[in-house]
Structures are given as structure tokens and as C-alpha cells.
Amino acid sequence: MKKLMNNMMRAVLVVFIFSLSSCQEEFERVGDDTESQTIAANSTTAVLIENTSSNDGSYDNIVDGASCLAIQFPYTVNVNGVEVTIDSESDLEVIEEIFDELDDDDDILDIAFPITITLSDFSEITIENQDQLEDLADDCLEGGDDDDIECIDFVYPIRLFTFDLQNQVTGEFEIGSDMDMRRFFDELEDDDLISIEFPITLKKYDGTEVVIANNAELAAALEMAKNQCDEDDDDDYNDDDFTEEELDELLVACPLEVRQVIREEIDNSEQYIEQLMTFYEDGTVVLSSSTGVSVSGSWSTSMTDNGVLLSLEFETMMDFSLEWYVYELEEGVIKLYKDSGNRIVLKKRCDLDPAEEIDREAFIALLNECQWIIKEVENQGEEIERLLGYEFEFQAEGTVTLSNGLNTMEGTWETGLNSQFQLSLMINIGDEPGVSFEWPIKEMLQTRLKFQIEETDHEMVLLRECNDSADDGDVAEIRNIAMGGVWNVALFKDGDDDNTADYMEMDFEFAEMNQIEVSVNADPIASGLWRVLRDSEQGLKFYINFGTGDALGELTEDWKVVSITSNRIELSDESDDGSVDTLVFEKP
């Protein structure tokens, strides 16, 4: 929409004198072909340009009832006995809110004269009374039948040239606004010739931009834009112009966040703030909170003499159960009202999905079935390697344990929606802050769970282990081989660095209860955690966890099983930078 201009700007004329030969090289002569760069001031293209750059006065129709004029700010009106000062376009919403407080009253608006109005050609007139205003308003064509083209706009600045009848350049103009453009064309004579320096850009009503290379493309784009959108040129406030079908489409498009709930003049917003209402095409609506509690109801729409009616019905949510009038569809906001003391404001949240593709009950059942081993956990981008291979057990009564086979920590767990309305696993283990968090579920497989918040670099991956993986023959075989005696490190390469010598005198024994013991000359020097699991994404994995810090800490990893025999275990790990670590155990 064109912005109301308060002060007239004149384009600055800079006259350039060109020789006849240079002019003919840069500009084609009139009539040479259909894509001549010059256009006549009285041509169809020129008229389209004037109509596109005209001042749009439809935004304040609730006050003046005329789309071909706009009242300059500031001015004062009296709305149903309430005095309102209008300093900007946003203040017009106050008028509608007063009008919509009651749906069965006669709305009265009186303007405090004198006022100054701006017409479609950006000329200004002082109006002394209501009769003068109505006389001008009677000349406006409402309902979108006026000449003003509002569905497309010029992107400024634009450079124009004027020519004489000999096709010689007589002037160059820098156009910086619709007012400049409209006034420029208004001051031309019918036989004047104009040229536009292409390319120029046009912006359509939906925000998309079109690059125009010549006059033919310009005329086609402006002509096509005439009927491509609803220009809201009606004798009412433009935000009220929507149909029942348009409302239905908007309701089911995205979840709607509750921003305000007023019932019988009592503000109940605090108890519902940021809850989501999700409308479905089958006529059901779900109100859900961040704690995971959700209530289902029904919805329908109908058209009445007072506008579109939205009917909501919940058995337990009486604050929402009512036949609401929809009085405003702003950018991303829906406002509902009923009588003077009932109001709801909803905000579109297309970035949220409270329904979740993952079924909550199935998620809970899967958690309860078996144990879950930590494959990876990151907290704000920091990888917590000391928890690698630890085992979660989620119990039905809301208790969770985290164990490394010897030591066990206990806490609580539940599922619900986090602050972003994502289905999450909420863990609280006081002794282990590394996993005490609201973990949004991103991927649920029968053997693998992934939780992630990309914005804050939180990630956790869990692998399922049931009955000690007794049904996986490969896992059982690798475990039996690993537990078959003492092992030495035959090779350890950290990328290109061969660190085998650091482990030459150490004996490794993979024992029961997932414990690994390290000794030198039969003297224990360290212990850790080991596991063999199958990752549905990455195959067989051999977990070793000595924590971090010393040389043994370098072995802490979920290693990929490359090969294994009764006397040799070969493992590898590929880092994010593409380097590969290699660990080989052999029997002494």
C-alpha cells in the first residue's frame, strides 16, 4: 500500500545536453519497434504508471468512508462518546475496538474539523465540515472499481528521462517515491515523451519482486496486477474484509497461541497465556499447555449479518466455549469478541507443532519397555563423554535411574510439551546435571531415540537394550570374545598420531557388569565402562568409557566394530573433520 505523504517533494531536474549522434546511439527512435524505450505521456502505459503510483486512502475508511482520500495525522475523533487522537495508522484500531465492544449498538463517529486530506494525486485540501468531506467521498469509487492499482508497487529510486519531438534528451529525473512519480506524470503535456532507465523492480502484494527490463514488460505487469488481490476499497475498515472460507483456511493453517482471554470482563489471560489452540479440518480443536495437558473440543464457522461467527465448544473450558464474532484478522493475529466483556486474542505460530508426529503414549510405552544406553549427549555444544555408555531405566511410576553398572543415580522423569510446545522427555537427576533437562524428541525408532535443540546445541541419542541384547547374535558373540581373556593394545592411532606406545605395558580385561579393568604387571591402575550395542544407524558399536583426562581417557569413544576374531578386535572412529582413529586389541 502506498504510504501517506505529508510534504510534497519535487524531483530535481538535471539537464544533460547530448550530441545528436550520441543520443541516437543510446535511445531508440519512437516507432522503430514495439519495444521502443520512449513512451508518450498520454499512452496506456503512462496511465498505468499514474494509477500504480496514486495515493491509497483506503486504510482510514473507518473514519472518512472514502478510498480516494486520506486524512493527514494528527486529528481527533469522538467515537461513541470517547475522544480519540489519531497520530498514526495504528491508532485506527482503537476506533474499531470501541465499535466492537457492543454488537447491537449504533456506532457514532464525529471528526473534529478542520482537517487536511490528501487526494489520490497527492494534492492537499483543507476540509471545514462533514458536508465538504461527504461531497468528496461521493466521488470515490468503492469496492475495488477505482483506477488505483494497489496490488503492485514500484521499488524506488527510479531514473526517468524526458525527450522532445526530435527524440533528444531534455532532462533526467531521480524519482524517489510514489508522490514524486505521480506528480511527475501529472505535470507532463500529452505530447511529452519519457524513457525509464531499466531494469527496475516491482513488488507484488504478496511480497515477491519482479524485475522489469523494458516498457512492454512494465505495461504487462501493471495491467495484470489490477485484479490480483483484494484492494480492500470498501466503505469500512479494511481488516474486516474476509469470508467464512478464508477464516476456515486460516484457522487450520497453523497452531494459534493464546495471547489474551477476557470473560465477563474478568481478565483470565495469565492462566492460558502461550497455550496453543490447534484447529483441525474435521471440526475438532485442541487446547494444549506446555505441561502436556490437552483438552479437545469442537469448532465451526458461519456467516451472519454482523460478520463471521466462530463457535467454540469445550466441556471443561468454559472461558472459550462461546459463539465468537471475529472482528479482526491482522498480520498473524485473530481477535474474537462477544458483547462488551468477552474477548480472545490468538497469534499464529506456524513454527510450532503441538500435535507432534510422535505419539506420546507410544513414546512412553517404548521408554518403559527396556533400558536405554547413552550413545551421545551434548549440553550447549559440550560433549559429555563421561556419560558415554551409561544406562537409563525409566520406571512407570516416574522414577528414573542412571547407572554405569556399579554406581546408580536416581531421579524423576515425565513427558510433556516444553515451552516451545514440543513433545519432550523431562529428566531431573540432581546428582547428574548433564542429563537433567527438557529433551525434545526429534526421532523415535524402536531401537533408537534422538533428542535435540539445534538453537542451543543440546543433543542426546539413546540406544535400546533389552535382556542384555540376548536376541542379537552378533552382539552376544562379540561380548563372549571380549570377555575371553586379557587384551593388549596392538595399535592406537589418534588420526595421524601413533600413540600405541602409551599402552604397551597395560592389560585390559572386559569383565561382567560392563566393567573394564586395566592393570600393569597384575596391579590394577584404572577401571571403566564397556558395552557392545547395535546402533540402527551406524551398525555394531563397542563402547569404552574411562572418562576424560589421562591417556586412558583418549580411548573413551563409541567405536565402530571393523572386525573381530578370537585373538583380535579392530575398532575405528571417524571424526567430524574426516580424520580416522584406530584402536586394535590383540591377545598377548
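## Exercises on helix packing and burial

The protein has 11 helices and 41 strands. The model is predicted. Of its 588 residues, 48% count as buried. Among contacts between residues at least 6 apart in sequence, 54% join residues at least 24 apart.

**Exercise 1.** Describe how helix α2 (residues 44-52) and helix α6 (residues 178-186) pack, and which residues make the contact.

*Solution.* 

Step 1. Two packed helices are described by the angle between their axes and the distance between the axes. For α2 and α6 the angle is about 140°, and the axes lie 9 Å apart.

Step 2. Assign the handedness: the crossing of α2 and α6 is left-handed.

Step 3. List the contact residues. Helix α2 contributes Ala46, Ile49, Glu50 and Thr52, while α6 contributes Asp178, Met181, Arg182, Phe185 and Asp186.

Step 4. Sort them by type: the contact of α2 with α6 has 4 nonpolar, 1 polar and 4 charged residues.

**Exercise 2.** Determine how far α6 is enclosed, and what covers its buried residues.

*Solution.* 

Step 1. Residues under 20% relative accessible area are buried. In α6 these are Asp178, Met179, Asp180, Met181, Arg182, Arg183, Phe184 and Phe185.

Step 2. Since 8 of the 9 residues of α6 are buried, the helix is largely enclosed by the rest of the structure.

Step 3. Identify the cover. Helix α2 is part of it, and so are the strands β9 (152-155), β10 (158-163), β11 (169-175) and β12 (193-196).

**Exercise 3.** Find which residues of helix α4 (residues 92-99) are buried, and how they are placed around the axis.

*Solution.* 

Step 1. The buried residues of α4 are Leu92, Ile95, Glu96, Ile98 and Phe99.

Step 2. Their directions cover an arc of only 160° around the axis, which puts them on the same side of α4.

Step 3. Relate this to helix geometry: an α-helix has 3.6 residues a turn, so residues three or four places apart point the same way.

**Exercise 4.** Is Glu249 buried or exposed? Locate Glu249, and give its C-alpha separation from Glu281.

*Solution.* 

Step 1. Glu249 lies in helix α8 (residues 244-253).

Step 2. The relative accessibility of Glu249 is 59%, so Glu249 counts as exposed; the cut-off for exposed is over 50%.

Step 3. Glu249 and Glu281 are 32 residues apart along the chain, and their C-alpha atoms are separated by 9.0 Å.

Notes
Residues are numbered from 1 along each chain as its sequence is written. This is a predicted model: local features need pLDDT of at least 70, side-chain atom pairs count only at pLDDT 80 or more; totals for chains, interfaces and linings use all residues. Side-chain values use heavy atoms; hydrogens and water are left out. Buried means under 20% relative accessible area, exposed over 50%, partly exposed in between (1.4 Å probe, protein chains only). Helices (H or I, at least four residues) and strands (E, at least two) are DSSP runs, numbered from the N terminus. The arc is that of the directions from the helix axis to the C-beta atoms. Axes are lines fitted to C-alpha atoms, for helices over the stretch in contact, and angles run from 0 to 180 degrees between N-to-C directions. A crossing is left-handed if the near helix is turned anticlockwise from the far one by less than a right angle, and right-handed if clockwise. Contact means heavy atoms within 4.5 Å. Ala, Val, Leu, Ile, Met, Phe, Trp, Tyr, Cys and Pro count as nonpolar, Asp, Glu, Lys and Arg as charged, and the others, Gly among them, as polar.
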